[in-house]
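Please examine the structure shown below before reading on.

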Amino acid sequence: MFLENLLNLFLKSNCPLCQRPTSQEFCDRCYKQLQKCCLPNPSVLWHQPLPVFSWGTYGGSLKRAIAALKYQNQPQIARPLGQWLGEAWVSYLSMNTQCVVVPIPMHPNKQKKRGYNQAALIAKSFCETTGLRLKLNGLERVRETEALYPLSPVEREKKLAEAFGIGKDFSHGSKVSVLLIDDIYTTGSTVRSATKTLHQAGIFVLGVATTATTHRGV
């Protein structure tokens with residue numbers, strides 16, 4: 001018991017949201033706060049023309065967790081976020097088992113600066129939880145865009161026009177059904193642009209699954 005307690009002491013790090021010591025990605029307090037962000041029905045937006053599946057509401061602890069993941073060099077946060085998204089997917093939409101998972105890519109310049117693509121890390125954890133196949137290079141970002149959050153929906157659409165290309169994991173006319181993965185769903189501009197690229201290559205897009213959505217009333 002003494003050796004076990006000593007080992008746990010050395011293995012502990014600080015919670016990225018509150019800096020309390022923890023042996024997990026989040027301390028117990030922040031974990032409970034994050035779970036409060038979970039949507040009662042993550043599949044409420046799963047309908048045409050763009051089916052969206054989101055684990056939680058973008059705000060509070062979940063907003064801070066995603067910000068830490070993206071901007072504070074905390075890639076380990078992606079593991080629980082992807083796991084929770086995967087568990088919700090299995091609970092609500094497990095009948096869609098024939099799809100392959102494609103993360104929304106970052107432009108190589110931006111990814112090199114950050115060191116990783118948070119959507120890819122979430123997608124990896126999501127696939128480990130659901131058993132779905134991951135196509136990490138299904139899409140590529142061929143056009144670098146500035147930060148989109150201050151832009152209007154129309155401005156976002158213009159910036160993202162032809163921002164994506166088909167990646168090396170696919171060829172034109174690949175007979176697959178794709179589930180896109182991203183961290184946040186806001187206006188849908190990014191997903192629509194990625195979907196258009198895949199559709200033009202004859203690839204069917206089932207929808208998008210995200211850790212969070214800004215849509216209220218869901």
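How do the residues of the lining of the largest cavity divide into nonpolar, polar and charged? In this predicted model, the lining of that cavity comprises 7 nonpolar residues, 3 polar residues and no charged ones.

**The cavity**

A search of the whole structure finds 1 cavity of 30 Å³ or more. The volume of this largest cavity is about 30 Å³. Its lining is made up of 10 residues, and Leu39, Pro42, Val44, Leu45 and Ser54 lie nearest the centre. Strand S3, which covers residues 52-57, gives the most to this lining, with 3 residues.

**The second largest pocket**

The second largest pocket holds about 320 Å³ of space. It is lined by 17 residues, and those nearest its centre are Pro105, Gln111, Asn117, Leu136 and Asn137. Helix H5 (108-114), helix H6 (118-130) and strand S6 (139-141) each supply at least two residues of the lining. By class, this lining has 9 nonpolar, 4 polar and 4 charged residues.

Strand S6 also contains Arg141. Arg141 is buried but has no salt bridge, and the nearest side chain of opposite charge, that of Asp182, is 6.9 Å away. A salt bridge requires a side-chain nitrogen of Lys or Arg within 4 Å of a carboxyl oxygen of Asp or Glu. The side chain of Arg141 does, however, reach the backbone oxygen of Pro105 at 3.1 Å.

**The salt bridges**

Side chains of opposite charge can pair when their charged atoms come close. Across the whole structure, the search finds 2 salt bridges, listed here.

| Salt bridge | Distance, N to O |
|---|---|
| Glu25 and Arg79 | 2.6 Å |
| Asp183 and Lys70 | 3.1 Å |

The side chains of Glu25 and Arg79 meet in one of these salt bridges. Glu25 lies in the loop between strand S2 (21-22) and helix H2 (28-35), and Arg79 in helix H4 (residues 78-93), so the pair ties together parts that are 54 residues apart in sequence. Glu25 counts as buried, at 16% relative accessibility, whereas Arg79 is partly exposed, with a relative accessible area of 38%.

A salt bridge also joins the side chains of Asp183 and Lys70. Because Asp183 belongs to strand S8 (residues 177-185) and Lys70 to helix H3 (residues 60-71), this pair ties together parts that are 113 residues apart in sequence. Asp183 is buried, at 4% relative accessibility, and Lys70 is buried as well, with a relative accessible area of 15%.

Conventions
Residues are numbered from 1 along each chain as its sequence is written. This is a predicted model: local features need pLDDT of at least 70, side-chain atom pairs count only at pLDDT 80 or more; totals for chains, interfaces and linings use all residues. Side-chain values use heavy atoms; hydrogens and water are left out. On a 1 Å grid over the protein atoms alone, a cavity is a set of points where a 1.4 Å probe fits but cannot get out, and a pocket is an open set with protein on both sides within 12 Å along at least five of seven lines; lining residues have an atom within 4 Å of a point. Grid points are joined across faces, edges and corners, and a volume is the space filled by probe spheres set on the points. Helices (H or I, at least four residues) and strands (E, at least two) are DSSP runs, numbered from the N terminus. Ala, Val, Leu, Ile, Met, Phe, Trp, Tyr, Cys and Pro count as nonpolar, Asp, Glu, Lys and Arg as charged, and the others, Gly among them, as polar. Buried means under 20% relative accessible area, exposed over 50%, partly exposed in between (1.4 Å probe, protein chains only). Lys and Arg count as positive and Asp and Glu as negative; His and the chain ends are not counted. A polar contact is a pair of N or O atoms within 3.5 Å; within protein, one must be able to donate a hydrogen and the other to accept it, and residues adjacent in sequence count only if both atoms are side-chain atoms.
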